[in-house]
Amino acid sequence: MKKQILIRRMLHSPFFMVGAVVVAIIFLFVIFGPFFLPYEPTQSSLTETFRAPEGFSKGLEGHILGTDELGRDVLTRLLIGGRYSLVIAISVVLIMVIFGTVMGIVAGYAGGIVDSIIMRLCDIVLAIPNLILAIVFMAVMGISVTNLIFVLAFAGWVECCRVTRNNVRVLKNQDFVKASVSLGASHFHIMFTQILPNVTTPIIILASQKIGFTILLEAALSFLSLGIQPPIPSWGNMIANGRTFMTIYPWLVFAPGIALMFCVLGFNFLGDGLRDILDPKKRR
Amino acid sequence: MLKYLFKRLFEALIVLFCVSIIAFLLIRMTPGNPALMMLPDGAPEEAIREMEIQLGLDKPLYVQYFMYISDVLHGDLGVSTSYRQDVADIIWGRIPVTVELALLSVFFGCLIAIPLGIIAGSRQGSATDFFCMVFALLGQSMSPVWLSVLNVFVFGVWLGWLPTMGTGTWAHAVLPVLTLAYPMAASIARIARSGMIDTLSEDYITATYAKGISGVKVHWKYAFRNALVPVVTLVGLQLGSFLAGTIIVETVFGWAGIGQLLNQSVGNRDYALVQSLLLITAACFVVINFVVDVINSFIDPRNKLGG
């Protein structure tokens, strides 16, 4: 697709533009925000517990979103928690996309018994809901960020594999693949330099939609204290923690809750917009 | 038709068999000797040996698996280490609560989402359509964690209209059902909308229009039926994985159902319970998917050929 057409479509897709702006703002805040704040995410102060949000009345030196039960600055924890969420979600999606695509291409291209085995493997993973798979694996393998990334990626690669496999099966019978075979190209070459470039569009769309979903799943795990462990902040464990004090100090759940909602909303808008742009026939 | 159903049934059984192996290996992967869990602290060496023999731990792994699977098929799911009770009894007692929650949520979710999605799909680009898309995107972005806490705050704490903990009256069910139904309704509305758009662009719909049949009749009599196929599939998937949704909701609202049980047994390291819940979830999912396939082949007879 021509670059100008792509850019024009981007500018004309309200979903994409809203999503892109929200995601860009979140990235800017999460990456650069903590440098402007004087607090550390785990720095507690017993004289400053449960401070109400002060806004910008004291500039950046005050507790803009208040403090929690240990006197930790909520905004600092929110931004650092956001860093964890984004880094985890992006690494998970990268791993699941790479693994899912390779498996999908191999299944679709090889066909036969290899295809059957990979597809049954997908069925098995699909038969256990993502959250349950993640909970059980975290409980058995132990809780750590590496395990968290591995488990979330393992729960999510299946869709990518299935989509790729179905596309490869169609492509396999097309003339350019037959031409490569007759020229004596190796299977590896055909799979990864001939077929791969033709199946990337649905993968990009799927990946962009998976980021929001992964953030939600990570938040749910952290909420159930099977994800990121305190004192390291994450939006999920901040909500779980703030729930205890919700009736008197509602900002402790509202800050991470609203951040979580806007972040996922931004990625979902971006993903939907991207699909409209890259695959206009399937507008829905 | 029958051949297709048998093929699906066979595939379903293979999946269940593999899940049972995973569930079995799960316990073996966890650190600690299961025999020690059954005995009081400081038990003598001989007692441990005896318990190992009694539990079959001295036999090779595949023999242990067959012992386990034959127990499961006879309805014996083992003994919970945290409750000191039969796993089957504990789970059986928890099922009604979760099923009530799941069915109510699916019912209300469909009640709102299907008409919304169908109307939005048949009037693409209208205000209803835009509302439907925003409703769906917002719902899909709502974390159950945040939505449940928000509902507790707004309706329980702030307005004080509804109870936020426990079960009993219908009022207790409103917030958990709302929390589960909204994200569900969001995805159902979306798939109903796209199903309707796809169906309306098919040749047979153009043909019915050409015959001079009115628009309303075409939409609700001819297109609606086919647009339902993806909806039924999705509702099946949602029902099949209802346990995942109820974990958070039951934990937040204090419903003593299966989801809460799973969360607690993971916390208690009660692997016999976790293992059985894993197996039951997978079985539910496989059975419901099979039923969905059968229903869909009745709604749209072309589907069975695609199998």
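Student: In which helix of chain B is Thr98(B) found?

Tutor: Thr98(B) is found in helix H5, residues 87-122 of chain B. Helices here are DSSP runs of H or I with at least four residues, strands are runs of E with at least two, and both are numbered from the N terminus. This is a predicted model, in which local features need pLDDT of at least 70, side-chain atom pairs count only at pLDDT 80 or more, and totals for chains, interfaces and linings use all residues. Residues are numbered from 1 along each chain as its sequence is written, chains are lettered from A and ligands numbered from 1 in the order in which they are written, and side-chain values use heavy atoms, with hydrogens and water left out.

Student: Why is Thr98(B) called buried?

Tutor: Its relative accessible area is 1%. Buried means under 20%, exposed over 50%, and partly exposed in between, with a 1.4 Å probe and protein chains only. Thr98(B) is therefore buried.

Student: Which residues is Thr98(B) in contact with, leaving aside neighbours within four places in sequence?

Tutor: They are Phe242(B), Thr246(B), Glu250(B), Gly257(B), Ile258(B) and Gly259(B), where contact means heavy atoms within 4.5 Å.

Student: What makes Asp115(A) and Arg165(A) a salt bridge?

Tutor: The N to O distance between their side chains is 2.8 Å. The rule asks for a side-chain nitrogen of Lys or Arg within 4 Å of a carboxyl oxygen of Asp or Glu, so the pair qualifies. The two ends are 50 residues apart, with Asp115(A) in helix H4 (residues 112-127) and Arg165(A) in helix H6 (residues 145-171) of chain A. Asp115(A) is buried at 6% relative accessible area, and Arg165(A) counts as buried at 15%. Arg165(A) is also one of the residues that Gly104(A) touches, beside Cys161(A), Thr164(A) and Val168(A), not counting residues up to four places away in sequence. Gly104(A) itself has 0% relative accessibility and counts as buried.

Student: How do you know that Arg120(A) and Glu11(B) join two chains?

Tutor: Arg120(A) lies in helix H4 of chain A and Glu11(B) in helix H1 of chain B, so the pair crosses from one chain to the other. Arg120(A) is partly exposed at 22%, whereas Glu11(B) is buried at 14%.

Student: What separates Arg8(B) from Glu11(B) in helix H1 of chain B?

Tutor: About one helical turn, because they are three residues apart. They too form a salt bridge, with the closest N and O atoms 3.2 Å apart. Shared partners join Arg120(A), Asp123(A), Arg162(A), Lys7(B), Arg8(B) and Glu11(B) into one network of salt bridges.

Student: How many salt bridges does the rule find across the interface of chain B and chain A?

Tutor: It finds two. Asp272(A) forms one with Arg190(B), the closest N and O atoms being 2.7 Å apart. Arg190(B) is found in helix H8 of chain B and is buried at 14%.

Student: How much area do chain B and chain A bury between them?

Tutor: About 4000 Å², 80% of it on carbon and sulfur atoms. Buried area is the accessible area (1.4 Å probe) that two parts lose on being put together, summed over both. The contact takes 46 residues from chain B and 39 residues from chain A. In chain B, Leu137(B), Ser141(B) and Trp146(B) lose the most area to chain A, together 16% of what that side buries.

Student: What makes Tyr249(A) and Trp251(A) an edge-to-face aromatic pair?

Tutor: The rings are 5.5 Å centre to centre, with 65 degrees between the planes. Rings of Phe, Tyr and Trp (its six-membered ring) pair if their centres lie within 6.5 Å; planes under 30 degrees apart count as stacked, over 60 as edge-to-face and the rest as tilted. Trp251(A) is buried at 16%.

Student: Where is Pro231(A), and what is the peptide bond from Pro230(A)?

Tutor: Pro231(A) is in the loop between helix H9 (200-223) and helix H10 (235-243) of chain A. The bond from Pro230(A) to Pro231(A) is cis, with omega near 10 degrees. In that loop between H9 and H10 of chain A, Ser225(A) is also found, and its phi is near 55 degrees, a positive value in a residue other than glycine. Most residues other than glycine have a negative phi, and most peptide bonds are trans.
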